[in-house]
Amino acid sequence: MSSYIYGVAGWLVLIGSFGIVRSRNLIHAVVCLSVAQAGTYLLLLTVGYQQGAAPPIFVDPTTGPGQPAPVVDPVVQAMTLTDIVIQATVTALLLALAIQVHKRHHTLDPDQLSALRG
């Protein structure tokens, strides 16, 4: 099951990257970037997952000595939440830039933006 999720994460990153390269529209490129970033969410969560492990919630620390049960790594979950917040911010910024490009140049095709060439 774990290798299947790695494959899906890689497939999402590959499809998103392919969409960015082949895009003829700035909005489409932003959406493809979001798809590629969704693959990173799956990858991060798969790395931190352990089969049969408990959630990282410790109810009673005074239960006495014993074998500690395996728990899922909470750092990976925190990194995934941070990645989601960063992706939402980057997507909003890129969409705002695409709107400004459309207002100024009346096109969203990157090849037709001749005024941006140096």
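1. Where is the place of H106? In this predicted model, H106 sits in the segment that follows α3. Its phi is near 60 degrees, a positive value in a residue that is not glycine. H106 is also exposed, because its relative accessible area is 65% and the cut-off for exposed is over 50%.

2. Helix α2 covers residues 26-48, which is 23 residues. From the first C-alpha to the last, α2 reaches 34 Å, close to the 33 Å expected at 1.5 Å a residue.

3. The N-terminal end of α2 is capped by N25. A side-chain oxygen of N25 lies 3.0 Å from the backbone nitrogen of I27.

4. Which residues in α2 are buried? They are A29, V30, C32, A36, Q37, G39, Y41, T46 and G48. For a student checking the model, buried here stands for under 20% relative accessible area. The cover over these buried residues includes two other helices, α1 (2-22) and α3 (74-105).

5. A pair of packed helices is described by the angle between the axes and the distance between them. For α1 and α2, the axes come within 7 Å and cross at roughly 160 degrees. That angle makes α1 roughly antiparallel to α2, since angles over 145 degrees count as roughly antiparallel. The crossing in which α1 passes α2 is left-handed.

6. To draw the points on α2 together: N25 caps its N-terminal end, α1 runs roughly antiparallel to α2, and α1 and α3 are among what covers the buried residues of α2.

How values were computed
Residues are numbered from 1 along each chain as its sequence is written. This is a predicted model: local features need pLDDT of at least 70, side-chain atom pairs count only at pLDDT 80 or more; totals for chains, interfaces and linings use all residues. Side-chain values use heavy atoms; hydrogens and water are left out. Helices (H or I, at least four residues) and strands (E, at least two) are DSSP runs, numbered from the N terminus. The expected span of a helix is 1.5 Å times one less than its number of residues. Buried means under 20% relative accessible area, exposed over 50%, partly exposed in between (1.4 Å probe, protein chains only). Contact means heavy atoms within 4.5 Å. A polar contact is a pair of N or O atoms within 3.5 Å; within protein, one must be able to donate a hydrogen and the other to accept it, and residues adjacent in sequence count only if both atoms are side-chain atoms. Axes are lines fitted to C-alpha atoms, for helices over the stretch in contact, and angles run from 0 to 180 degrees between N-to-C directions. Angles under 35 degrees count as roughly parallel, over 145 as roughly antiparallel, 65 to 115 as roughly perpendicular and the rest as oblique. A crossing is left-handed if the near helix is turned anticlockwise from the far one by less than a right angle, and right-handed if clockwise.
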